[in-house]
Amino acid sequence: MPSAESLPTVVIVGRPNVGKSTLFNAITGQRRAIVGDEPGITRDRIHGEAEYNQRRFELVDTGGIIPNDAELIPSHVFRQARVALEKAACIIFLIDGRSEITASDRELASLLRRLGKPVALAVNKIDAAVRESLAWEFHELGFENLFPISAEHRQGLEELLDFVTRDFPRNVEPESGAAPEPLTIKVAIIGRPNVGKSTLLNALVGEERAIVSPVAGTTRDAVDEAVERDGVRYIFVDTAGIRRKGKTKLMAEKLSVVMARRHIRMANVVIMVVDASEGVTATDATVAGYAHESGRAVILCVNKWDLSQQKKPSVFLQSLREQLKFLDYAPVVFTRAHVGQGVDRLFPLISEAYQAASRRVTTGELNRFVEKLTFESDVRIKYITQAGVRPPTFIVFTSKEEPLHFSVERFLMNQLRRQFGFSATPIVIKVRKSGRR
């Protein structure tokens with residue numbers, strides 16, 4: 001096991017009060033081992049050890065940095081921060097997503113660019129989907145890798161740490177002959193009450209499961225089961241039946257809505273279960289909308305197919321697509337969960353959906369791809385870059401201020417799916433007027 005001195009170092013920098021200590025604690029958790037006690041910098045630089053995906057690293061919180069401000073940051077503290085930055089393998093530049101870009105942010109951004117180190121621009125306090133649009137404005141600071149996060153609520157940290165630790169060595173050597181640690185995918189099973197979610201869960205974990213372990217949780221709201229299959233570990237969450245908030249009169253039902261939406265946010269892939277005997281309802285569309293709005297990869301599972309009055313899958317599928325138009329990217333599986341029919345098809349689809357939602361495309365590939373496209377409008381895309389994963393998010397720089405026309409955006413999404421394999425996942429397109437990159 002590497003010593004603390006040999007661990008790669010990740011440094012958190014940013015202005016005061018942007019949430020650096022909260023992020024430091026969220027990443028290190030109970031693993032925090034070393035607190036800096038060097039003379040004169042005890043409140044300015046804190047060290048800890050963290051681990052993510054079997055990759056251990058040293059994490060440093062430099063304290064609030066305001067470049068060129070002699071009053072608010074003494075020169076010796078700034079020098080210590082520079083020492084930490086010089087030895088950093090990666091830098092997390094933390095910004096308050098609820099505030100405007102300040103002169104100090106721009107100066108610090110300029111300093112970090114001159115270092116030539118990998119920088120993750122983490123836009124903090126983005127704790128709701130409606131705030132995510134605020135985060136992309138910070139691309140103006142000139143960093144390609146931007147991550148909307150909420151350090152307090154631990155949202156977005158997985159994507160951030162995927163990037164930060166991507167080149168770090170795995171520090172846990174498997175024993176001779178031991179199988180490597182499997183990929184873990186969190187799957188939420190959602191739907192209206194009584195559509196067969198629990199039956200589907202039982203069919204998925206089944207009697208032939210390799211590894212099954214109950215995970216402690218809120219027993220009245222969700223049941224978690226883990227199963228390993230074909231080298232992938234799936235953690236299934238069977239959420240309580242969801243009804244519209246306006247119709248949930250009992251506290252337990254209201255809680256089920258809140259908890260189910262929470263499990264959707266925590267999941268990598270969502271299985272949306274529809275009752276074939278009742279057809280697609282408005283409530284199905286509402287529930288499915290939760291997963292789509294959360295940016296999760298989605299698989300549609302039409303259960304109780306043997307009880308459907310419509311015996312032709314193609315006709316039912318057409319109706320399903322018409323009523324859930326926003327999920328046109330989601331694959332559809334017809335099942336009879338109580339006898340296990342069709343259930344095996346879900347496992348490869350879950351794995352494919354996760355891989356697609358996690359896929360990154362280089363900026364060079366994207367711009368070569370866009371150059372070959374012909375748009376049926378006067379729009380001119382000058383530059384495109386991928387800003388995030390799960391869901392795949394792209395920033396498009398155009399010659400005009402206004403957003404892309406719906407048909408142009410739809411065409412671009414379809415071409416991205418076809419070219420790079422973004423199946424089963426929503427794609428987010430953000431438009432910016434082209435200026436200085």
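Helices and strands here are DSSP runs numbered from the N terminus, a helix having at least four residues and a strand at least two. The model is predicted.

**Figure 1. Lys 304 in the loop between β12 and α9.** The loop that holds Lys 304 runs between strand β12 (297-303) and helix α9 (313-323). Lys 304 is not a glycine, yet its phi is positive, near 60 degrees. Its relative accessibility is 23%, so Lys 304 counts as partly exposed. The side chain of Lys 304 forms a salt bridge with that of Asp 275, at 3.3 Å from N to O. Asp 275 belongs to strand β11 (residues 269-275), so the pair ties together parts that are 29 residues apart in sequence. Asp 275 is buried, at a relative accessible area of 1%.

**Figure 2. Asn 53 in the loop between β2 and β3.** Asn 53 has a positive phi of about 50 degrees, although Asn 53 is not a glycine. With a relative accessible area of 42%, the residue is partly exposed.

**Figure 3. The cis peptide bond from Arg 390 to Pro 391.** Omega for this bond is near 5 degrees. Pro 391 sits in the loop between β14 (381-388) and β15 (393-398).

**Figure 4. Arg 417, a buried residue without a salt bridge.** Arg 417 is part of helix α12 (residues 406-420). Asp 328 is the nearest side chain of opposite charge, 5.1 Å away; a salt bridge needs the side-chain nitrogen within 4 Å of a carboxyl oxygen. A polar atom of the Arg 417 side chain lies 2.8 Å from the backbone oxygen of Phe 422. Neighbours within four places in sequence aside, Arg 417 is in contact with Tyr 329, Phe 422, Thr 425, Pro 426 and Ile 427.

**Figure 5. The salt bridge between Asp 328 and Arg 410.** The closest N and O atoms of the two residues are 2.5 Å apart. The pair links distant parts of the chain, with Asp 328 in the loop between α9 and β13 and Arg 410 in helix α12, 82 residues apart. Asp 328 is partly exposed, with a relative accessible area of 38%. Arg 410 also counts as partly exposed, at 29% relative accessibility.

**Figure 6. The salt bridge between Asp 344 and Arg 229.** The two side chains meet at 3.3 Å, N to O. Asp 344 is in the loop between β13 (332-334) and α10 (346-357), and Arg 229 is in strand β9 (residues 222-229); this pair links distant parts of the chain, 115 residues apart. Arg 229 has 29% relative accessibility and counts as partly exposed.

**Figure 7. Helix α5 (residues 157-164), mostly covered.** Six of the eight residues of α5 are buried: Leu 157, Glu 159, Leu 160, Leu 161, Phe 163 and Val 164.

**Figure 8. The whole chain, for context.** The protein chain has 12 helices and 16 strands. Of its 437 residues, 51% are buried. The accessible surface comes to about 21,800 Å², with 48% belonging to carbon and sulfur atoms. Among contacts between residues at least 6 apart in sequence, 70% join residues at least 24 apart. The whole structure contains 15 salt bridges.

Key. Residues are numbered from 1 along each chain as its sequence is written. This is a predicted model: local features need pLDDT of at least 70, side-chain atom pairs count only at pLDDT 80 or more; totals for chains, interfaces and linings use all residues. Side-chain values use heavy atoms; hydrogens and water are left out. Buried means under 20% relative accessible area, exposed over 50%, partly exposed in between (1.4 Å probe, protein chains only). Lys and Arg count as positive and Asp and Glu as negative; His and the chain ends are not counted. A polar contact is a pair of N or O atoms within 3.5 Å; within protein, one must be able to donate a hydrogen and the other to accept it, and residues adjacent in sequence count only if both atoms are side-chain atoms. Contact means heavy atoms within 4.5 Å. Accessible areas come from the Shrake-Rupley method with a 1.4 Å probe; for residues, only the protein chains shown count as cover.
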